[in-house]
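Open the model in your viewer and keep the selection tool at hand. This tour goes from stop to stop and says what to select at each.

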Amino acid sequence: MKTALIEKYSTLGGTCLNVGCIPSKALLDSSEHYHNAAHTFKTHGIDLENLGVNLTQMIARKDDVVKQNVEGIQFLMKKNKIDVFHGLGSFVDKNTVKITKEDASAEEITGKNIIIATGSKPSTLPFIKLDKQRVITSTEALKLKEIPKHMIIIGGGVIGMELGSVYGRLGAKVSVVEYLDAIIPSMDRTMGKELQKSLKKLGFDFYLKHKVVAVENQGDEVEVKAENAKGETISLKGDYVLVSIGRRPYTDGLNAEAAGVKLTDRGQVEVDEHLRTNVPNIFAIGDVVKGAMLAHKAEEEGAFVAEVIAGQKPHINYLLIPGVVYTWPEVASVGYTEEQLKEQKRKYKTGKFPFMASGRARASMDTDGVVKVLADAETDEILGVHMIGPRTADMIAEAVVAMEYRASAEDISRMSHAHPTYTEAFKEACLAATDNRALHI
Ligand SMILES: Cc1cc2nc3c(=O)[nH]c(=O)nc-3n(C[C@H](O)[C@H](O)[C@H](O)COP(=O)(O)OP(=O)(O)OC[C@H]3O[C@@H](n4cnc5c(N)ncnc54)[C@H](O)[C@@H]3O)c2cc1C
């Protein structure tokens with residue numbers, strides 16, 4: 001199909017490559033190296049002198065990683081003969097999009113089918129003024145010029161925990177204020193509890209069940225006021241406040257009305273199970289539609305819509321889109337959480353294996369965490385896998401494959417896993433789920 005792409009910024013790759021997944025992982029990797037050098041090298045028998053952080057260089061390396069990835073996308077557009085237009089795309093009618101460039105010049109292009117993939121932007125609260133200096137979002141947190149002394153994070157979700165980890169490892173004091181009674185609350189609750197323990201070791205303070213009521217920039221300092229369940233108010237003072245309470249679907253300037261495309265009450269583009277909007281030739285994918293705001297979910301949806309337009313009959317199993325938090329230990333999940341199974345009144349059994357009992361984890365001194373497998377009580381089919389520990393972001397792929405092929409916990413427990421690897425913990429958790437047969441606990 002002849003394809004055109006419209007992007008309002010000068011670089012391609014959207015949130016993920018420019019201000020999301022890639023830059024955050026680059027800083028997580030750099031800060032993890034520093035943290036290990038400062039805290040575990042000595043035990044490994046490596047002595048260092050004059051260890052320090054050069055934040056300017058750390059950010060510059062991150063920028064370079066972003067540049068390489070963005071250029072890779074540019075190359076792929078050329079290779080696949082996709083016409084790229086830079087400018088704001090807005091609908092004129094259901095087949096026509098006007099592209100307004102930076103110099104205010106405009107042109108119109110037409111298409112038989114149009115895919116809306118305009119993504120999302122950080123959300124805020126009505127009373128918080130994001131000044132982008134002291135009161136910041138993830139975008140600014142990826143390019144700070146100094147290591148905060150005290151970073152206050154509003155929201156205990158994935159982005160807050162990841163960026164908090166970056167600056168916590170570099171020496172910042174980190175305080176997290178969360179409205180709910182757990183961090184990473186949409187994941188299996190065991191994960192949040194375990195992650196909280198690990199982050200406390202890094203020096204994080206948590207104020208759960210606290211509702212932020214005021215944020216005030218006082219020059220070099222910011223004050224955050226929050227109310228607990230009893231109605232008592234606490235006050236926290238820091239030099240940066242990261243507002244990470246989620247992201248909102250972004251359709252500003254798109255002029256969806258001109259094409260007759262309906263939005264939901266939450267501002268998402270409304271789509272059916274084929275990701276088609278109410279206008280048959282217009283589709284929508286990624287963060288701007290319902291579902292998890294994840295790059296690999298957006299990617300699956302992109303391929304899905306291309307196949308629908310090509311007349312194929314693709315399928316996405318949304319239950320098996322994994323979710324990952326790139327803290328250390330990493331958290332990775334797929335399938336149902338224990339809370340969801342309870343709600344469904346489904347009979348299930350649980351198998352757990354702690355990394356403390358893993359030879360590989362002891363060798364690398366990464367013994368925090370656990371693998372938890374939830375399997376159907378009668379059929380033994382794996383219903384959910386929740387892991388917190390070293391390299392679980394990569395390990396979760398095995399659970400996705402297993403669940404896609406509807407494996408039982410016993411199936412996995414009868415497969416050879418290389419020794420010593422972290423992946424043995426998954427096999428052991430599956431053994432634990434099948435009549436408590438784990439070998440190493
Ligand atoms: C700090 C951070 C870390 C993250 N880490 C991860 C992670 O580790 N793993 C993961 O899976 N996800 C992660 N995400 C989420 C991930 O970035 C998003 O889910 C993903 O980028 C969504 O892709 P998308 O194509 O739907 O939208 P986007 O990537 O937001 O792309 C939308 C693009 O459309 C452009 N645009 C919008 N409106 C118009 C218009 N009218 N005309 C022209 N162009 C327009 C925007 O400029 C943007 O480039 C992270 C996000 C953040 C903020």
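This is a predicted model: local features need pLDDT of at least 70, side-chain atom pairs count only at pLDDT 80 or more; totals for chains, interfaces and linings use all residues.

Select residues 2-302. UniProt, in an unreviewed entry, labels this span "domain: FAD/NAD(P)-binding". Here the chain is 32% helix and 25% strand. Its end C-alpha atoms are 16 Å apart.

Now select residues 321-429. The UniProt feature listed there, also from an unreviewed entry, is "domain: Pyridine nucleotide-disulphide oxidoreductase dimerisation". This span is 33% helix and 28% strand, and 21 Å separates its end C-alpha atoms.

**Helix α2**

Go to residues 21-39, helix α2. How far apart are its end C-alpha atoms? They are 26 Å apart. With 19 residues at 1.5 Å a residue, the helix should span 27 Å, so the two values agree.

Next, colour the buried residues of α2. They are Pro23, Ser24, Lys25, Ala26, Leu27, Leu28, Ser30, Ser31, Glu32, Tyr34 and Ala37. Which helices do they pack against? Show α1 (14-19), α3 (41-44), α4 (55-79) and α6 (158-169): the buried residues of α2 pack against these.

**The second largest pocket**

Pick the second largest pocket, which holds about 800 Å³ of space. Its lining has 28 residues; select those closest to the centre, which are His35, Asn36, Thr40, Trp328 and Asp366. The elements giving two or more residues to this lining are α2, α6 and α7 (189-201). Which of them gives the most? It is α2, with 8 residues.

Colour the lining by class.

**Val334**

Last stop: strand β19, residues 330-335, where Val334 is found. Is Val334 buried or exposed? Its relative accessible area is 1%, so Val334 is buried, the cut-off being under 20%.

Show what surrounds Val334. Leaving aside neighbours within four places in sequence, Val334 is in contact with Leu319, Leu320, Ile321 and Pro322, with Gly384, Val385 and His386, and with Ile396, Ala399, Val400 and Met403. Finish with a distance label from Val334 to Val400. The two are 66 residues apart in sequence, yet their C-alpha atoms are 6.7 Å apart in space.

Conventions. Residues are numbered from 1 along each chain as its sequence is written. Side-chain values use heavy atoms; hydrogens and water are left out. Helices (H or I, at least four residues) and strands (E, at least two) are DSSP runs, numbered from the N terminus. The expected span of a helix is 1.5 Å times one less than its number of residues. Buried means under 20% relative accessible area, exposed over 50%, partly exposed in between (1.4 Å probe, protein chains only). Contact means heavy atoms within 4.5 Å. On a 1 Å grid over the protein atoms alone, a cavity is a set of points where a 1.4 Å probe fits but cannot get out, and a pocket is an open set with protein on both sides within 12 Å along at least five of seven lines; lining residues have an atom within 4 Å of a point. Grid points are joined across faces, edges and corners, and a volume is the space filled by probe spheres set on the points. UniProt positions are given in the numbering used here, feature names are shortened, and annotations may be inferred rather than shown by experiment.
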